[in-house]
Amino acid sequence: MRLIIMGPPGAGKGTQAKFIAEHFEIPAISTGDIFRANVSQGTPLGVEAASYMDKGEYVPDSITNLMVRNRIDEPDAAQGFLLDGYPRTLAQVEELDGMIKYTGHALDAVVVLTVDKDEIVQRLLQRAELEGRADDTEDVIRRRQEVYLEETAPLIEVYKGRGLVHEIDGMGDVGDVTKRIFDELDIVTES
Ligand code: AMP
């Protein structure tokens with residue numbers, strides 16, 4: 001399975017990505033997590049990425065694409081993967097198309113989590129308290145939502161045009177959302 005999970009910041013992508021990845025025995029590849037690991041280790045990539053992340057802006061495509069390409073090339077991703085937080089721009093969609101084509105495979109599905117805007121802000125503020133993420137201050141949260149709407153939401157239409165999108169109601173109990181996703185993806189695996 002080669003999957004993407006999309007949705008606005010705070011939609012619960014990371015939480016659901018872990019369950020989906022476990023279910024299909026594929027790695028969940030989160031660009032945000034890889035960036036954060038680099039930031040905390042103080043690598044040159046982390047230093048560069050932090051200057052964008054702290055403002056709620058996207059890290060440049062050139063940096064992000066190379067990082068994903070390297071990660072997808074690792075042996076554990078040979079049988080498939082779930083991308084969480086990538087692609088986020090049209091240029092990244094094109095880049096990913098090339099990466100997957102190169103392996104001789106195809107993308108199987110794009111899971112899009114839909115959520116209520118007000119609930120998202122609440123979730124993100126709660127997470128800020130729990131995890132102390134530098135990019136979870138109120139101004140940055142607002143900027144991240146804007147950037148998502150401008151740059152990433154249009155990608156849903158692109159993938160819809162390819163018949164790959166499965167929109168899932170991301171509201172409510174975490175377990176219920178997981179069940180909705182599995183029910184939907186079961187249809188994909190059976191077809
Ligand atoms: P996330 O944890 O997915 O919300 O990502 C946190 C931050 O990492 C984002 O707000 C961006 O600054 C950066 N980031 C993660 N993925 C990407 C991407 N695909 N393209 C550009 N920046 C990204």
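**Starting from strand β1**

Tutor: R2, I4 and M6 point one way from β1, L3 and I5 point the other way, and all of them are buried (under 20% relative accessible area; exposed means over 50% and partly exposed lies in between, with a 1.4 Å probe and protein chains only). Keep in mind that this is a predicted model, in which local features need pLDDT of at least 70 and side-chain atom pairs count only at pLDDT 80 or more, whereas totals for chains, interfaces and linings use all residues. Residues are numbered from 1 along each chain as its sequence is written, and side-chain values use heavy atoms, with hydrogens and water left out.

Student: How many bridges join β1 to β3, and how many join β1 to β4?

Tutor: Four bridges join β1, residues 2-6, to β3, residues 81-84, and these two run parallel. Another pairing, β1 with β4, also has four bridges and is parallel. To place I5, look for D84 opposite this residue in β3, and for V111 as its bridge partner in β4. At R2, the residue standing opposite in β3 is F81.

Student: New topic: which residues of α2 are buried?

Tutor: In α2, which spans residues 31-41, the buried residues are T31, G32, F35 and N38. Seen down the axis of α2, they fall within an arc of 130 degrees, so they line one face of the helix; the arc is taken from the directions from the helix axis to the C-beta atoms.

Student: What do those buried residues pack against, and what is on the face turned away?

Tutor: They pack against β2, α3 (44-53), α4 (61-72) and β3. The face of α2 turned away from its buried side carries the exposed residues S40 and Q41, and just after the helix G42 takes a positive phi of about 70 degrees.

Student: I also clicked on A77, so where does that one lie, and is it buried or exposed?

Tutor: A77 lies in the loop between α4 and β3, and this alanine is buried, with a relative accessible area of 3%.

Student: What is A77 in contact with?

Tutor: Leaving aside its neighbours within four places in sequence, A77 is in contact with R2, P27, R71 and I72. Take P27 from that list: A77 and P27 are 50 residues apart in sequence, and 6.4 Å apart in space from C-alpha to C-alpha.

Student: Last one: which residues of α5 and α7 meet?

Tutor: L90, V93 and L96 in α5 meet L155, V158 and Y159 in α7.

Conventions. Contact = heavy atoms within 4.5 Å. Pairing = 2+ DSSP bridges.
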